[in-house]
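Below is a briefing on one protein chain. Look over the sequence and the model first, then work through the points by topic.

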Amino acid sequence: VEPIQGSAGTRVTIYGAGFSRDLNAIYTGAGEIVAASPDGKTLSFTLPRPPFLTDQWLANTAAYRQEHYGSESITFPLCFYIKNEFGITATPGLFSLLI
């Protein structure tokens, strides 16, 4: 997975093998994304904003985050699984979501 960390909206590329040229379902923990692979070895997509990361949640936790983290980003681990006609990945890709 490259890059290995970023915020929602980051362009992510997964390197591997057995990706479908037409239809790969990528399960991210932030939602499902469907992407094609130009070469069967790479998948690129833009990481969506996770459903839990609402404006209300950010507003409600702003004081806590400032007190405990200051201006440093909070990191949430996300795992990527890919499912297509060839099966599902056995080992997840890892990504650190920064908020």
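**A loop serine**

Serine 37 lies in the loop between β4 (32-35) and β5 (42-46). The model is predicted.

**Around serine 37**

- Serine 37 counts as buried because its relative accessible area is 2%, and the cut-off for buried is under 20%.
- A polar atom of the serine 37 side chain lies 2.6 Å from the backbone oxygen of threonine 42.
- Apart from residues up to four places away in sequence, serine 37 touches Phe19, Ser20, Arg21, Asn24, Thr42 and Leu43.
- Thr42 is therefore on the list of residues that serine 37 touches, where touching means heavy atoms within 4.5 Å.

**The chain as a whole**

- The protein chain has 1 helix and 8 strands.
- In sequence order, these elements give the pattern β-β-β-β-β-α-β-β-β.
- Along the principal axes, the C-alpha atoms of the chain fill a box of roughly 45 × 20 × 20 Å.
- The chain has 99 residues, and 32% of them are buried.
- Among contacts with a separation of 6 or more, 54% are between residues 24 or more positions apart.

**The helix α1**

- How far does α1 span between its end C-alpha atoms? The span is only 18 Å, whereas a straight helix of 15 residues would span 21 Å at 1.5 Å a residue.
- α1 also bends, by about 50°, at threonine 61.
- Just after α1 comes glycine 70, which has a positive phi of about 60°.
- Most residues other than glycine have a negative phi.

- Arginine 65 lies in α1, which covers residues 55-69.
- Is arginine 65 buried or exposed? Arginine 65 is buried, and it has no salt bridge.
- The nearest side chain of opposite charge to arginine 65 is that of aspartate 55, 9.2 Å away.
- Leaving out neighbours within four places in sequence, arginine 65 is in contact with Leu58, Gly70 and Ile74.
- How many salt bridges does a search of the whole structure find? The search finds 1.
- That salt bridge is between the side chains of aspartate 55 and arginine 49, with an N to O distance of 2.8 Å.
- Side chains of opposite charge can pair when their charged atoms come close.
- Aspartate 55 is exposed because its relative accessible area is 57%, and exposed means over 50%.
- Arginine 49 has a relative accessible area of 42%, so it is partly exposed.

**The loop between β7 and β8**

- Threonine 91 lies in the loop between β7 (87-88) and β8 (93-98). Proline 92 lies in the loop between β7 and β8 as well.
- Threonine 91 is exposed because its relative accessible area is 62%, and the cut-off is over 50%.
- Proline 92 has a relative accessible area of 26%, so it is partly exposed.
- Where neighbours within four places in sequence are set aside, proline 92 is in contact with Cys79, Phe80 and Tyr81.
- Threonine 91 and threonine 42 are 49 residues apart along the chain, and their C-alpha atoms are separated by 16 Å.
- Proline 92 and lysine 41 are 51 residues apart in sequence, and the distance from C-alpha to C-alpha is 15 Å.

**The start of the chain**

- Proline 3 is in the segment before β1 (5-6).
- Which kind of peptide bond joins glutamate 2 and proline 3? The bond is cis, with an omega of about -5°.
- Most peptide bonds are trans.

Technical notes: Residues are numbered from 1 along each chain as its sequence is written. This is a predicted model: local features need pLDDT of at least 70, side-chain atom pairs count only at pLDDT 80 or more; totals for chains, interfaces and linings use all residues. Side-chain values use heavy atoms; hydrogens and water are left out. Helices (H or I, at least four residues) and strands (E, at least two) are DSSP runs, numbered from the N terminus. Buried means under 20% relative accessible area, exposed over 50%, partly exposed in between (1.4 Å probe, protein chains only). Lys and Arg count as positive and Asp and Glu as negative; His and the chain ends are not counted. A salt bridge is a side-chain nitrogen of Lys or Arg within 4 Å of a carboxyl oxygen of Asp or Glu. A polar contact is a pair of N or O atoms within 3.5 Å; within protein, one must be able to donate a hydrogen and the other to accept it, and residues adjacent in sequence count only if both atoms are side-chain atoms. The expected span of a helix is 1.5 Å times one less than its number of residues. The bend at a residue is the angle between axes fitted to the seven residues ending there and the seven starting there.
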